[in-house]
Amino acid sequence: MCGIIGYIGDQASAPIIIKGLKRLEYRGYDSAGIAVLKDGGLQLIRREGKLSNLEAALNLKEMTATLGIGHTRWATHGAPSEVNAHPHLDCTQKIAVVHNGIIENFHQLRHELSGRGHDLRSQTDTEVIAHLIEEAFTGDLYQAVKDALTHIEGSFALAVISSDSPDMLVGARKDSPLIIGVSPKAFFVASDIPAILDYTREIVLLENGEIARLSPQGYLIEQLDGTPVSRKSMTIDWDISAAEKGGFEDFMLKEIHEQPAAVRETLRGRIDENGRVGRVGLDDLGLDDDELRSLKKITIVACGTSLHAGMLAKQVIERWARLPVEVDCSSEFRYRDPILDEGTLVVAITQSGETADTLAGVRIAAELGAKVLAVTNVVGSTITRESDGVLYTFAGPEIGVAATKTLMAQMTALNLFGLLLAQARGRSNHEFAATVAELQRIPEKIASILENTAVLEDWAKTYHQVTDLLFLGRGFSYPMAMEGALKLKEISYIHAEGYPAGEMKHGPIALINPGLPIVVLAPKDSVYEKIVSNIHEAKARGATILAIATVGDKDILSQVEGVFYIPETLETLTPLLSVVPMQLLAYYIAKLRDCNVDQPRNLAKSVTVE
Ligand code: M6R
């Protein structure tokens, strides 16, 4: 996720672009850049780090051009650095492009462009677009962008300018957002509404597969195949803070709703034409098939929510690859003198890539000769520099302290890794193809959960004043019971525990008072009958059972006080659905308790100290 903005009008563009980028910084903040017209050419200024670094490098008084584009980056391909910051230029330095999205076939395009003599200076996927436009340009920038886009696979929101076309700004989108802002004497393109709300409240939403040509006098929109589009503008009445949150009350709620996209982006380019996990989108993995084949053991280290992704990964990898997996929280692992050697792969899961305990675990693994694979959401984070390989998740920046969409992306990536490992170890079978196909259906299934939250809001109204709550699960649902409890604890400050349901009778069942609410994860899976028995045990002691069950399971209705249904899916993928109602339940309860869900007390987004 990155933020892009473009301006064409009668005012100096640079201050408007910088102000807009500030409003988009929540979309990415590892580097930023701007390109404006100057003396018949382009002036390009880019800086690594926060937007303030770029601002400090600009002399805005001298930047009077009325056409320009800007970008704030969240790296996906190529580490955060000045050379990888946008805008990117073509060989002639006359065309500038800013991009949000992922070009899936950029390796191939890069190779072809280099073969035709182009000088590609960055490691990004975006730069190929500038060179493709250069090749297609015969005097009409708009047509050249259209032609260039026919070669591109993947997602994009683009803004393009050229010093040869000083009266034109081109915007286009597919699977990444882009809007047009309309004012009497100026027009804008931007990733999101807040970027331009200081200048106009008249917005036109660009739809997938559409391209727009803007001038100081007006704009036109077409589909990429040339079909004209006529669309009226709408007036936005949100304030800036609501707009930054996409109209949601909090970043956490917005990020819960971004989970379908997090799955889609994490899968993008990683499934080949035969429906298998392909290597193309996994080029940072740092492990070839021989290395995957020779592994004797995997040790997973992580903290908090990432640890729950690790607990799930253990089950997934053991099921698919039949390779033993241990899971440890990093803070214990680092002091327990672990047994590791060259046959062990340490998988370190951390969305931020900066968690001190997990980094310490990585250093111990390296000292003992084990290879390290980092699973992280932040390109260029410390862990990516200290590991042998990286499995990136593509959730985009997460602002809310409570991890939601990054967990979803981790679970997606680790499912892919389990399948890749199994493929390399010769264990593919028909279930693999079904799993890959079902993974691609998960986004729409999450979306259907998000549309249907009334039951959860009712539960929150009924139970938001309780002092204790239990979450129970078995098998693949056990790590999610842990996660449900963690979410509730951290944002609502209610005491909650996640427990493997079969363990209750070994002690915790003594805690059950009449009326104690217990959320039980009871999907129709291989341990369904077992969890139903556990429900009866808890009910017999007076607990109030709220079940998360599979749609169509009518039998459970008579056994519990409330049911939230999730769509049917494969057992290994159920956690990607069942976690969503628990995130929402925690959210609704916390809101009713007047808690700050985005910044809970005593917590930090990344824990960089021991
Ligand atoms: O950045 P990391 O994934 O390494 O962070 C690990 C934990 O600090 C993190 O998951 C924390 O538990 C979250 N607040 C959970 O919502």
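This is a predicted model: local features need pLDDT of at least 70, side-chain atom pairs count only at pLDDT 80 or more; totals for chains, interfaces and linings use all residues.
**Entry 1**

On the side of domain 1 that touches domain 2, I sorted the residues by class and noted 7 nonpolar, 6 polar and 4 charged. I then looked up the bounds, which an automatic or database assignment supplies: domain 1 covers 3–244, domain 2 covers 253–439 and domain 3 covers 448–592. In the contact between domain 1 and domain 2, I recorded 17 residues from domain 1 and 14 residues from domain 2.

The size of an interface is often given as the accessible area lost when the parts come together. For domain 1 and domain 2 I noted a buried area of about 1,300 Å², with carbon and sulfur atoms giving 62% of it. Which residues of domain 1 lose the most area to domain 2? I wrote down Tyr-26, Trp-74 and Glu-104, which together account for 40% of what the domain 1 side buries. The centres of domain 1 and domain 2, taken over C-alpha atoms, lie 33 Å apart.

**Entry 2: salt bridges**

Side chains of opposite charge can pair when their charged atoms come close. I counted 30 salt bridges by the rule used here, and 2 salt bridges between domain 1 and domain 2. I looked at Arg-268 in particular, where the side chain meets that of Asp-175 in a salt bridge at 3.7 Å, N to O, and where Glu-265 also forms a salt bridge, its closest N and O atoms being 3.1 Å apart.

Are Glu-265 and Arg-268 buried or exposed? Buried means under 20% relative accessible area, so Glu-265 counts as buried at 15%, and Arg-268 counts as buried at 14%. I also noted the salt bridge between the side chains of Arg-319 and Glu-571, at 3.4 Å, N to O.

**Entry 3: nonpolar cores**

I next turned to the largest nonpolar core, which has 87 residues, and listed those with the most contacts inside it as Ile-298, Val-347, Met-411, Phe-417, Leu-421 and Phe-471. This core draws at least three residues from each of domain 2 and domain 3. Around Phe-471, leaving aside neighbours within four places in sequence, I noted contacts that include Ala-481, Leu-488, Tyr-499, Val-519 and Met-582.

Technical notes. Residues are numbered from 1 along each chain as its sequence is written. Side-chain values use heavy atoms; hydrogens and water are left out. Contact means heavy atoms within 4.5 Å. Buried area is the accessible area (1.4 Å probe) that two parts lose on being put together, summed over both. A salt bridge is a side-chain nitrogen of Lys or Arg within 4 Å of a carboxyl oxygen of Asp or Glu. Ala, Val, Leu, Ile, Met, Phe, Trp, Tyr, Cys and Pro count as nonpolar, Asp, Glu, Lys and Arg as charged, and the others, Gly among them, as polar. A nonpolar core is a set of buried Ala, Val, Leu, Ile, Met, Phe, Trp, Tyr and Cys residues joined through side-chain atoms within 4.5 Å. Buried means under 20% relative accessible area, exposed over 50%, partly exposed in between (1.4 Å probe, protein chains only).
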